[in-house]
Amino acid sequence: MKTWIIQPCTTKHLAAIYDVSYKVFIGHLKPFLKEIGKKMGHYFTVKQVILIIEKLGLPPYIELIYPPKYKKA
């Protein structure tokens, strides 16, 4: 199992984590784009990445390490 510290990510990086192509990942995100909001430049913020993970779920082979200031609900 891989550990991954949540950090700002590009769409391509998130697609690689979910082990799907860029186009497929964009398709998965479409229903949630209003909730997620706009990227800051090319990157999703940490809060946006956490929201994406909550909406799409996490691949079973990855263990998350949350940022120190984040409180899980």
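1. Confidence. In the protein chain, strand β2 (residues 62–65) has the lowest confidence, with a mean of 82, while helix α2 (residues 22–29) has the highest, at 96. This is a predicted model, so those are pLDDT values, the predictor's own confidence in each residue. For the chain as a whole the mean pLDDT is 89, and 95% of the residues come in at 70 or more.

2. Layout. There are four helices and two strands in the protein chain. Starting at the N terminus, the order of elements is β-α-α-α-α-β. The C-alpha trace covers about 30 × 25 × 20 Å along its principal axes.

3. Overall packing. A compact globule of 73 residues would have a radius of gyration near 11 Å, and the protein chain comes out at 12 Å, so the two agree. Of its 73 residues, 32% count as buried. If you take the contacts with a sequence separation of 6 or more, 62% of them join residues 24 or more positions apart.

4. Helix α4. This helix covers residues 46–56, and its buried residues are Q48, V49, I50, L51, I52 and I53. What do these buried residues pack against? Their partners are β1 (2–5), α1 (11–17), α2, α3 (33–36) and β2. After the helix comes G57, with a positive phi near 85 degrees.

5. The nonpolar core. The largest nonpolar core has 19 residues, and W4, L14 and V49 are the ones that touch the most other members. Two or more residues come from each of α1, α2, α4 and β2. The biggest contribution is from α4, which supplies five.

6. V49. Have a look at this one in the viewer: V49 sits in helix α4 and counts as buried because its relative accessibility is 0%. Setting aside residues up to four places away in sequence, V49 touches W4, I6, Q7, C9, L14 and F44. V49 and P8 are 41 residues apart along the chain, yet their C-alpha atoms are separated by 7.0 Å.

7. L14. Which residues does L14 contact, once its neighbours within four places in sequence are left aside? The list is W4, C9, F25, F44, V49 and I52. Among them, W4 and V49 are also named alongside L14 as the core residues touching the most other members.

8. Q48. Is Q48 buried or exposed? This glutamine, in helix α4, is buried, because its relative accessible area is 8% and the cut-off for buried is under 20%. Q48 touches I36, G37, K38, K39 and Y43, not counting residues up to four places away in sequence.

9. L64 and strand β2. L64 is found in strand β2, the element where confidence is lowest, at a mean of 82. With a relative accessibility of 17%, L64 still counts as buried, since the limit is under 20%. Apart from its neighbours within four places in sequence, L64 is in contact with W4, I6, I53 and L58. L64 and I6 lie 58 residues apart in sequence, but their C-alpha atoms are 6.9 Å apart in space.

10. Aromatic rings. The structure holds one aromatic pair. The rings involved are Y18 and F25, with centres 5.5 Å apart and planes at 35 degrees, so the pair is classed as tilted. Y18 and F25 are both buried. Another ring to check is F44: K39 lies over its face, 5.5 Å from the ring centre.

11. D19. This residue is in the loop between α1 and α2. What is the phi of D19? Its value is near 60 degrees, which is positive in a residue other than glycine. D19 is exposed, because its relative accessible area is 63% and exposed means over 50%.

How values were computed. Residues are numbered from 1 along each chain as its sequence is written. This is a predicted model: local features need pLDDT of at least 70, side-chain atom pairs count only at pLDDT 80 or more; totals for chains, interfaces and linings use all residues. Side-chain values use heavy atoms; hydrogens and water are left out. pLDDT is the predictor's confidence in each residue, from 0 to 100. Rings of Phe, Tyr and Trp (its six-membered ring) pair if their centres lie within 6.5 Å; planes under 30 degrees apart count as stacked, over 60 as edge-to-face and the rest as tilted. Buried means under 20% relative accessible area, exposed over 50%, partly exposed in between (1.4 Å probe, protein chains only). A charge sits over a ring if NZ of Lys or CZ of Arg is within 6 Å of the ring centre and within 35 degrees of the ring normal. Contact means heavy atoms within 4.5 Å. A nonpolar core is a set of buried Ala, Val, Leu, Ile, Met, Phe, Trp, Tyr and Cys residues joined through side-chain atoms within 4.5 Å. The radius of gyration is taken over C-alpha atoms; the globule rule is 2.2 Å times the number of residues to the power 0.38.
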